[in-house]
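Student: Could you go through this structure with me? I'd like to start with the whole chain and then look at a few residues.

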Amino acid sequence: MKSDLLEQLPSLTFFRGRVALYAILKALGVQKGDEVALQAFTCLAVPEAIMATQGQPLYIDVEGAGVNMDPSDLERKISSKTKAVVIQHTYGIPADMTALVSIAEARGIPVVEDCCHTFESAINNKTVGNFGVASFYSYEWGKPLVVGIGGSAIINDPSLLKTVKLNYEIFLDPPGSNAMRLQLQYLAHKILYRPRLYWPIKSIFHLLGAVGAAESNYNPVKEGSIAVDFHLRMALGLRRRLVAKLGSIESVTAHSNKIVSQYDNGITSDAVARVVTPDASKTVYARYPILVKNKQELLRRAKRAGVELAEWYATPVHPLKPNEWSSIHYEEGCCPNAEMRCAEIVTLPTHPAVTVRDASRVVHFLNQR
Ligand SMILES: *Cc1c(COP(=O)(O)O)cnc(C)c1O
């Protein structure tokens, strides 16, 4: 773990990861009429941040057999309207940075890395977050380091850093009631979240989110309007918790590696395919993806068996359904690999609450079929 990362993560903290991305894009000058490239096979948070700047998302497909941005599709779609490229390291698997960065650099377009799934993955011994002008991180429930809700921006380019810092002055602290609710949510998550309780907790969380009693993950995106979240910093109490928990990144990583090797060695079913990772890379998995033919049936069986399997991403811009895609400018068929991946991927947990026994249950569940 690099100590400069530990120092930088608490310095520019925002209400959420997407707000950190928004702040970076604003400082890069993204405005109405500009495009920002991102991969399909992502979550709504990313286009939401782009659209909050009034920029338009430009969806790039994922690689034929992978979960990260396809350099050849970026090459095809990038244009003079493209103002920035957001590169995601999906599940912690590093993207093909050598190819992607060179395409962007050749046109003088800045690269921003979405490191929400990983702190420590690396490619050719270079840690993610060091390839572009900036990177951002998230601390919400599904991420490697759970702090509640919040995110950080890390800026590598000195002049961009100046702008982001200056703009940061006008971000506000969230109202106290909001901070209190997030603290309660954090405690409930910490006490309750076990792999065996994944399905019931998921149902309850959705219910509470729907009635506004819990901070739900997505804001309705409306063209030309911007959610209040985008004006906010991370609550002070949560930021304090972030500082206190940063030291545990190494143990979270070690735990993830241990659980992943259990999956790697244990899963022998030939109905399960793996996602390939790039050469000379080190992956620290936020979740461990597998490809299956009967995704929906498998999810139903996992729910019955009390086994934690997640469906994300279920759609190219999770969780939006096809009839909602136009709201974020996703056109059906524009990223066929991403759409295919959604139909065949499920992910296994690697987080600190997963015990060796839980992982064995997952392995057994998958091998049984
Ligand atoms: C979680 C996540 C984000 C943003 O997270 P928030 O903190 O909820 O805004 C962005 N990109 C990816 C890939 C994520 O998984």
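Tutor: We will take the overall build of the chain and then some single residues.

Student: Is this from an experiment or a prediction, and how many helices and strands are there?

Tutor: What you see is a predicted model, and the chain in it has 13 helices and 15 strands.

Student: What is the radius of gyration, and what would a compact globule have?

Tutor: The radius of gyration is 19 Å, which agrees with the value near 21 Å that a compact globule of 369 residues would have. Taken along the principal axes, the C-alpha atoms fill a box of roughly 55 × 45 × 45 Å.

Student: And how much of the chain is buried?

Tutor: Of the 369 residues, 56% count as buried, while the accessible surface of the chain comes to about 15,800 Å², with 55% of that surface belonging to carbon and sulfur atoms.

Student: What share of the contacts join residues at least 24 apart?

Tutor: If you take the contacts between residues at least 6 apart in sequence, 73% of them join residues at least 24 apart.

Student: OK, new topic: where is threonine 347, and is it buried or exposed?

Tutor: Threonine 347 is in strand β15, which covers residues 345-349, and it counts as buried because its relative accessibility is 0%, where the cut-off for buried is under 20%.

Student: Which side chain does it make a polar contact with?

Tutor: The side chain of threonine 347 is joined to that of arginine 287 by a polar contact of 2.7 Å. Leaving aside neighbours within four places in sequence, threonine 347 also has contacts that include Tyr91, Tyr288, Pro289 and Trp312.

Student: What about threonine 315, where does that one sit?

Tutor: Threonine 315 sits in the loop between α11 (295-305) and β14 (317-318), and at 12% relative accessibility it counts as buried.

Student: What does its side chain reach?

Tutor: The side chain of threonine 315 reaches the backbone oxygen of leucine 320 at 2.8 Å. Apart from neighbours within four places in sequence, threonine 315 is in contact with Thr42, Leu320, Trp325 and Cys342.

Technical notes:
Residues are numbered from 1 along each chain as its sequence is written. This is a predicted model: local features need pLDDT of at least 70, side-chain atom pairs count only at pLDDT 80 or more; totals for chains, interfaces and linings use all residues. Side-chain values use heavy atoms; hydrogens and water are left out. Helices (H or I, at least four residues) and strands (E, at least two) are DSSP runs, numbered from the N terminus. The radius of gyration is taken over C-alpha atoms; the globule rule is 2.2 Å times the number of residues to the power 0.38. Buried means under 20% relative accessible area, exposed over 50%, partly exposed in between (1.4 Å probe, protein chains only). Contact means heavy atoms within 4.5 Å. Accessible areas come from the Shrake-Rupley method with a 1.4 Å probe; for residues, only the protein chains shown count as cover. A polar contact is a pair of N or O atoms within 3.5 Å; within protein, one must be able to donate a hydrogen and the other to accept it, and residues adjacent in sequence count only if both atoms are side-chain atoms.
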